[in-house]
Structure formats: C-alpha cells, structure tokens
Amino acid sequence: MARISILTPTLIASDAVGNDVLGMHQMLTRRDHEVHLFAEDWAVDGLEVHHPTRAAAFCDNPADVLIYHHSIGWELGVDILKNSACQTVIKYHNVTPSEFFEGISSQHEQLCELGRQQLASIASAGHTAYLAASRYNMRELLAEGADSARTFVVHPFNQIDKLAGAIPDLEIVDRYLDGKTNLLMVGSVRPNKGHISLIEAFARYYYDFNCNARLIIVGAEDEALAVYSKAIRQTAELLHLDGATVFTGEVPVEALKAYYLVSDVFVIASEHEGFCVPLVEAMAMKLPIVGYASAAIAETVGDCGLIWETRDPSLLAESINSLVEDEAASASLVQEAHRRYQQMFSPPVIENQFVRAAATAGLDL
C-alpha cells in the first residue's frame, strides 16, 4: 500500500480536472492505498481536503507518491512539487493559451501565461511519470522536454456513471420536449470555448434550415469573464436569436441528464480543448456530435461525429441539419460513438490505462 497525495489548485465536482481528481482518488482508495487530497480552494462533499501547505508532511518519504494536476499557473503547487522528496507524477490537462483572455480578464491571462511557463520547467524536470489527458497534450509535454519513456496518455476519469444513473429533472424534460429541435453545448463559459462561433453557426441553421429550433448552453459562468458572457448575449441579440438561445448556468447532475435527453445534436465550436469531457458525455448519452476539429476535439471524437477542420458556420449548420433530417445516419453515428465510449473512455478502461502507465514508470499503484 502506498501513501499518495493528489495536489490541485482547485477541487470542485463540476469540472473536468475536479472529476479526474475525484475519480483518481476513488480508484486508488479502492486499491487499498492511503490517499490524501490537497487544494487551495475546494467544494466537495463527503471527502477530507487539506490545504496544500500541509502536503510536505505527506511527501517526505521516497516511497510516497505525489500526483500533481497541471492546468493553470500555480506557484504554491509548483514549489511543493519541486521540494517534495517522494516520487512525483504529473497529470497534464493542458493550459489554455493566454491570448484567449486578452481584453477580458488580466488575471486569467496572467495565470495562463504562468501555467505555460511552468509547463516547460515541469516537463523537463525528470518526474517519475507524466500522464497526458490526450495525445495532443502528450505532444506538448514531449515538445517541452518530457522523457518519452515516462510519458503516457491516460484519459481523465469522469462522472458519467453518476450521470447515467441520475434521475432526470422532469420539469426540464417537460419544458423542452415541445416539438422544437434542441441543440446542446455543455462546458464552462470561457473565451476558448467558441460560444460566439457557436451562435453564428446556430444562426445559419435557424434561418437556412429550421426556425423551430433552440440552442441550449449549459455551463458555469465566471464573474471575472463577464465581458465575454456579455459579448455572447449581444451576438445572440444582434442575430435576433436571444429568444431561441437558453443559458442555464451551472446545473446539478439531474438537470444535466435532462438536457442531454431532450437534445437532438451536441454542437461544439470550441477553439481550444485539451480533451473535452462533455464530448464523452454526449457519446455515453447517445447524442450525435457536430463540431470543429480544434486542438484535441478530433482526437476525442474520432470517426464518431461530424467534425470539420474548416471553421465554417454554414458547414456546421448543414451538418446539424443532415443529422436532424436523417435519423438512420444519426443513429449509426450514435451507435459508433457509444461503442467508442465503452472501449476508450469508460472508468474500467481509464483505470487500466492509469495502472499500466504507473507500472511502466516503476510505480506499484
């Protein structure tokens, strides 16, 4: 049995990094390891989380293991990582390029710049193992100097079993199963997510193919990114789509399941993703996917969606319409996507990835 510390700047149960941390904690605990969680800010129920300043006491033995989740600049976390005397594992989720936040949030811009700078030192520091959420992320690690023999793709743990087992919010089901075509986007409302491009593509679909449609945008909004949130809504208003666009904010799992159930197509116009867990949720919930092939999106979806290299709103609109109109084509994509989820992204598969990677790096986890 190993003593394992998992370190992340923020731990919440509603984002991809938080779900990966929680899934990792659950898996390692089930395998009889002593697992401790450390975060500067957290909001999770039923688990003990310590402030990172206490982590040093758990990382002072060469047999201990520290797993550091890197997704943004964090000086305290990197200092703990540098000064630990134990075996160290990096889980790299990707750092959003800072230019997405220019003119929107100087704080986010600075943290992302710092995160990119820290990535270079982390990758070249010779840690015990590097776990990348995708091949896209792995290429970034290798480009920054990570040892290829100790760098592996381990997809992020997710909470899809919880989503699948949730009882859907029936009020939402009743409200949105009204004969309209529902297009769904799930993900935090952040500048790299391409919401303005999404609304532009929705406008083409709405006016060229189907004015009996709505776009449902599910995801938490950050007050620090209010400029971006306002710009999205202004775009919808300028295109006279404010009445056909729904912003739900952050929702509980019961509501999230309901939105997946009432929707006809999952649409993503994001400009930067290191993996994109909502795509896997869509696969598991049997919702066809249409989107742009930015960053890791094409890798995650594979051949199980209509994903385009060209950022053309007309092409996206035509693709949405083809799946709405052709039920057989949609069903075929959904079947392949669900099979892809089971074979590549289900919890047992991710656990096997993690254990194999750890063993190859010399860790008995």
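Tutor: Begin with accessibility: buried means under 20% relative accessible area, exposed over 50%, and partly exposed in between (1.4 Å probe, protein chains only). This is a predicted model, in which local features need pLDDT of at least 70, side-chain atom pairs count only at pLDDT 80 or more, and totals for chains, interfaces and linings use all residues. Residues are numbered from 1 along each chain as its sequence is written, and side-chain values use heavy atoms, with hydrogens and water left out.

Student: Why is Ser188 called partly exposed?

Tutor: Its relative accessibility is 30%.

Student: Where is Ser188, and what does Ser188 touch?

Tutor: Ser188 sits in the loop between strand 8 (181–186) and helix 7. Helices (H or I, at least four residues) and strands (E, at least two) are DSSP runs, numbered from the N terminus. Leaving aside residues up to four places away in sequence, Ser188 touches Lys193, His195, Gly219 and Ala220; contact means heavy atoms within 4.5 Å.

Student: Which residues of helix 8 are buried?

Tutor: Tyr228, Ser229, Ile232, Thr235 and Ala236 are buried. They cover an arc of only 120 degrees around the axis, which puts them on the same side of helix 8. The arc is that of the directions from the helix axis to the C-beta atoms.

Student: What covers the buried residues of helix 8, and which residues are exposed on the other side?

Tutor: The cover includes helix 7 (195–208) and strand 10 (245–249). On the other side of helix 8, Lys230 and Leu238 are exposed.
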